[in-house]
Amino acid sequence: MTSRRVRKLQSTFAANLFVNPLLDMCTPPKVNIWDQDAISETGSHIFLRHDGNDSSPLSSPLILDSNDLSAVFMNRSFKNVFGTRVQENLGKKYLTFWAGDKGDGIGDGYGLAYDDTYRLIYKISAQNIQVHSDLHEFAFTGNGTALVTGVDRLQRRASDFPQWLVPSRFEVLDAIFQEIDLETNEVLFNWRALDHINPMDSYEPRGPGWDAYHLNSIEKTQAGNYLISIRHLFTIFLIDGKTGDIIWRLGGKRNDFVELPPAEDAESAQPVLTMSWQHHARFVPGTNETQMTLFDNHSKLTTHGKCESDCSRGLHIAIDDTSSPPTVQLLREFRHPSQLQAQSQGSMQPLSPSPDDLGNVFIGWGRCPTFTEHNSSGKTVMDVQFSPWHSDEIPDALDNYRAYKMDWSATPWWGPAIAPRKNQEGELVVYVSWNGATEVASWVVRGAASDLLGQKDEVLSMSRRTGFETKLTIGQTDWRYLWAEAVDGKGRVLRLTDVVDLKTTNLSVASDTYDDTDCSFPPSKAENPARSPTTFLIFMGTGLGVFILASIVAGVFLWRRRRDYNHLKAEDFDLDLEEDFDDVHNDGDDVDVKDVDIDPQLGVDEDRRALIPKAEPGK
């Protein structure tokens with residue numbers, strides 16, 4: 001006879017330890033705004049990074065179900081994670097992100113790409129520089145290559161640049177991007193900012209390790225050129241894909257564009273050319289590269305509820321680079337309903353654009369721990385906050401480099417997990433989960449007298465998937481062996497868990513809050529006022545505890561609480577900074593910060609933290 005028992009698997013997903021978040025996922029988060037009818041159907045999942053804290057410092061790519069915001073995938077085995085999303089190469093989808101060390105203005109890591117079973121397929125790094133790839137970009141072109149950023153710390157003299165007026169001696173972080181063959185890691189194109197751009201054009205004050213450029217996004221165009229964003233120049237560049245020469249500059253001290261009057265309904269917005277500290281410049285698909293989106297940080301402060309004309313924003317713009325001079329026009333700006341300033345990070349993603357209608361857009365607010373969705377007229381139709389705002393009382397609240405809403409279907413190569421326990425009344429309960437599986441709709445628990453296939457068994461309990469982890473109550477059973485089946489929306493069994501022998505399993509008493517919470521989602525309109533003071537927010541975690549799940553994998557419990565929106569306490573996030581940071585750079589201008597909740601890390605970009613000791617290559 002063949003045994004039902006599934007062979008236990010040891011994950012090799014970026015680490016020997018497969019980490020499984022056990023979220024209190026029966027309680028879906030109540031968000032600030034959730035207009036179900038207006039939210040785009042595009043994007044089955046939301047992609048973020050999830051940082052740890054002092055007790056569990058490792059980070060994870062995080063995938064949420066976009067319908068109920070329940071966790072679908074987490075692997076807390078990386079030092080740092082940036083830019084989690086789905087990308088296509090030659091028609092096949094991959095889960096991609098950057099992972100590695102970060103700090104002191106330099107990211108040192110790799111672009112990683114996993115297939116729909118979460119097997120590592122590509123590990124890409126910049127070549128021929130002091131470090132590996134920088135954290136800011138890992139972008140597929142779709143044609144067998146990837147775009148990566150890099151940083152080189154260089155000592156230079158004025159004599160090296162007779163064409164420019166620069167200091168006699170200076171240290172600078174040169175910004176680099178490369179196009180690399182995914183199969184061979186061969187560099188196909190290499191570009192250095194210092195070969196083309198005077199560092200004195202920077203708005204970043206000089207000092208040791210001068211980060212004059214700070215390149216943070218790259219996109220290859222239809223003509224084979226490169227659209228890049230250089231944050232500390234306040235400029236978006238188009239780079240010739242053959243010569244590396246600058247074709248044009250949008251914004252900054254050497255701007256080439258003339259700004260036209262804004263489109264109707266955008267008259268009250270700040271002009272495009274006031275953008276500053278920007279991120280994530282992209283041409284809008286389907287517009288023949290005549291329209292663009294970007295995230296305009298617009299400030300080096302992090303505040304909420306205080307800004308008026310200088311708030312961070314998403315921008316939708318039109319460009320005409322065939323006219324002389326080239327022109328730019330503001331089509332729409334998108335602001336957060338809480339009036340945010342995000343001093344670093346941020347993203348803007350059109351969900352289903354067309355030449356005549358941008359459609360809904362999905363925005364990650366970088367240093368401010370929130371993501372939103374807006375319709376094409378700018379109205380906010382989704383607003384989720386996943387941490388308290390940064391303040392003196394909560395100095396280490398969460399943030400997120402970029403947020404994406406995309407379609408993803410995956411069936412992990414590892415199997416689902418089962419953990420039988422007893423509840424407070426002594427009844428048998430079973431907890432089941434399958435980290436990374438996107439197609440599970442329900443769970444079935446079966447019992448049998450033998451662990452051999454073909455023997456009589458009985459359905460003991462069934463439940464729809466209620467979140468990352470689903471609880472099923474069995475009560476009493478005479479069957480010795482238990483296992484669970486993960487079932488998709490068409491009733492097909494996707495995979496079985498291991499079989500549990502109840503006679504040899506220690507059934508500890510479980511304590512949870514599943515029975516004390518409302519599992520309905522999305523919230524009804526009656527309980528979801530857009531700006532109600534009793535609106536709740538989701539905390540996607542800072543407190544973590546270790547829980548061993550059915551002796552199969554080690555898991556991390558992601559602490560989640562529901563708190564009143566206007567009554568956050570410092571003890572909700574009892575975290576300490578490990579080091580102090582420099583004061584904000586204001587380019588010589590004084591800033592009135594009275595009564596403003598200022599980020600204690602002002603002036604310190606998302607990658608300017610202390611470096612964690614570098615791992616050996618290949619690990």
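Colour the chain by pLDDT to begin: this is a predicted model, its protein chain has a mean pLDDT of 82, and 77% of the residues reach 70 or more. Select residues 1-29 next, where pLDDT stays under 50 and the model has 116 contacts beyond four places in sequence. Then move to residues 529-619, another stretch over which pLDDT stays under 50, here with 255 contacts beyond four places in sequence.

Now turn to the aromatic side chains, among which a search of the whole structure finds 25 pairs. Select Trp248 and Phe257, whose ring centres are 5.0 Å apart and whose planes meet at 85 degrees, over the 60 degrees that the class requires, so this pair is edge-to-face. Trp248 counts as buried at 4% relative accessibility, and Phe257 is buried as well, with a relative accessible area of 4%.

For a group of rings, display Phe73, Tyr118, Trp408, Trp413 and Trp414 together, which ring pairs link into a cluster.

Finish with charges over rings. At Arg49, the charged end sits over the ring of Phe82, 4.4 Å from the ring centre; at Lys300, the charged end sits over the ring of Trp277, at 4.6 Å from its centre.

Methods:
Residues are numbered from 1 along each chain as its sequence is written. This is a predicted model: local features need pLDDT of at least 70, side-chain atom pairs count only at pLDDT 80 or more; totals for chains, interfaces and linings use all residues. Side-chain values use heavy atoms; hydrogens and water are left out. pLDDT is the predictor's confidence in each residue, from 0 to 100. Contact means heavy atoms within 4.5 Å. Rings of Phe, Tyr and Trp (its six-membered ring) pair if their centres lie within 6.5 Å; planes under 30 degrees apart count as stacked, over 60 as edge-to-face and the rest as tilted. Buried means under 20% relative accessible area, exposed over 50%, partly exposed in between (1.4 Å probe, protein chains only). A charge sits over a ring if NZ of Lys or CZ of Arg is within 6 Å of the ring centre and within 35 degrees of the ring normal.
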